[in-house]
Amino acid sequence: MEKKQHKVQTLLDAIPHIKKFYGKTIVIKYGGSAQTSPELKDKFAEDIVLLSLVGIKPVIVHGGGARISELLNKLEIHSEFIDGHRVTSEDTMRVVEMVLSGEINKNITSLLNFHGAKAIGISGKDSAIIKAQPKDNGKFGYTGVITEVNGNMINNLIKEGFIPVIAPIADSASPNHPGYNINADVAASKIAQAINAQKVLFLTDTVGVLDKEGKLLNSLDKDDVQRYKDDGTIAGGMIPKVDSCIDAIYNGVNKAHIIDGRVEHSILLELFTSDGVGTQFLRKDNPNNGIDMEKLLSE
């Protein structure tokens with residue numbers, strides 16, 4: 001009986017958080033081990049279905065860098081990265097689209113549907129939802145910079161009860177162009193802005209942003225991020241993640257979080273518990289950033 005009462009209390013403790021996010025849209029960048037481990041994939045799907053059932057509107061933006069690198073190596077196509085961004089040759093672009101749009105996107109969609117969701121898999125090319133241009137005047141090949149996101153199209157899918165699962169491949173203005181490879185972190189941030197999302201969560205293979213001693217940095221703003229980038233604390237693949245978080249919170253998204261996707265149900269822990277997990281990004285100069293209000297609501 002005591003065990004059953006504990007389960008009931010857990011549900012009751014989540015009520016204030018469910019109320020807070022009911023009817024809100026949350027963008028989740030899905031990547032890392034959470035996307036490759038069979039056990040974590042199932043837990044992720046369960047989390048997304050639960051969010052949908054309690055009235056929260058999830059949007060999934062996925063990466064696939066590990067699988068892309070694996071296939072490129074098998075095909076003996078050389079890969080190059082600059083500041084965490086992949087340099088995309090024409091041959092690489094073919095593999096990127098095949099993996100992201102043709103394999104991973106449909107696998108995620110199928111998994112969510114199997115667990116009871118109403119998911120639909122699309123890429124940024126569908127209805128030109130994401131438009132882009134070459135990054136740094138073509139320095140990164142077919143790696144692109146987003147110029148426009150059709151938030152209305154994504155919101156229409158949400159209104160119809162779908163959970164959009166979006167592959168970060170962008171359309172171009174040229175009819176015979178292969179399209180652009182978009183960093184999934186950047187795509188998640190821009191999509192969150194375009195659809196007026198309440199939050200954007202980035203699932204990674206780290207507990208969050210760490211300082212030089214390996215300790216978790218619980219909360220960061222723009223100045224903090226710049227300082228840690230300047231001294232090398234934030235480097236490599238973490239740069240596009242933190243930059244995407246800052247871009248989001250300064251362009252209409254209430255909060256951004258980098259959380260550990262290796263932890264089972266990390267999404268639920270972040271959204272439905274008082275302490276949360278990982279590193280949160282919020283504007284310290286924003287009176288509506290919800291620091292005290294969230295604490296009050298959770299008590």
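The lining of the largest pocket splits into 14 nonpolar, 17 polar and nine charged residues (nonpolar covers Ala, Val, Leu, Ile, Met, Phe, Trp, Tyr, Cys and Pro; charged covers Asp, Glu, Lys and Arg; the others, Gly among them, are polar). This comes from a predicted model, where local features need pLDDT of at least 70 and side-chain atom pairs count only at pLDDT 80 or more, while totals for chains, interfaces and linings use all residues. Residues are numbered from 1 along each chain as its sequence is written, and side-chain values use heavy atoms, with hydrogens and water left out.

The largest pocket has a volume of about 860 Å³. Its lining takes in 40 residues, and Lys29, Gly63, Gly64, Gly65 and Ala66 lie nearest the centre. (On a 1 Å grid over the protein atoms alone, a pocket is an open set of points where a 1.4 Å probe fits, with protein on both sides within 12 Å along at least five of seven lines; lining residues have an atom within 4 Å of a point. The volume is the space filled by probe spheres set on the points, which are joined across faces, edges and corners.)

Now for some helix packing. Asp185, Val186, Ser189, Lys190 and Gln193 in H6 meet Pro240, Lys241, Ser244, Asp247 and Ala248 in H8, contact meaning heavy atoms within 4.5 Å. By type, the residues of this contact are three nonpolar, three polar and four charged.

As for confidence, the protein's mean pLDDT (the predictor's confidence in each residue, from 0 to 100) is 89, and 91% of its residues reach 70 or more. Over residues 290-299, though, pLDDT is below 50, and this stretch has ten contacts in the model beyond near neighbours in sequence. Where pLDDT is low, the predicted coordinates should not be read in detail.

Key:
Helices (H or I, at least four residues) and strands (E, at least two) are DSSP runs, numbered from the N terminus.
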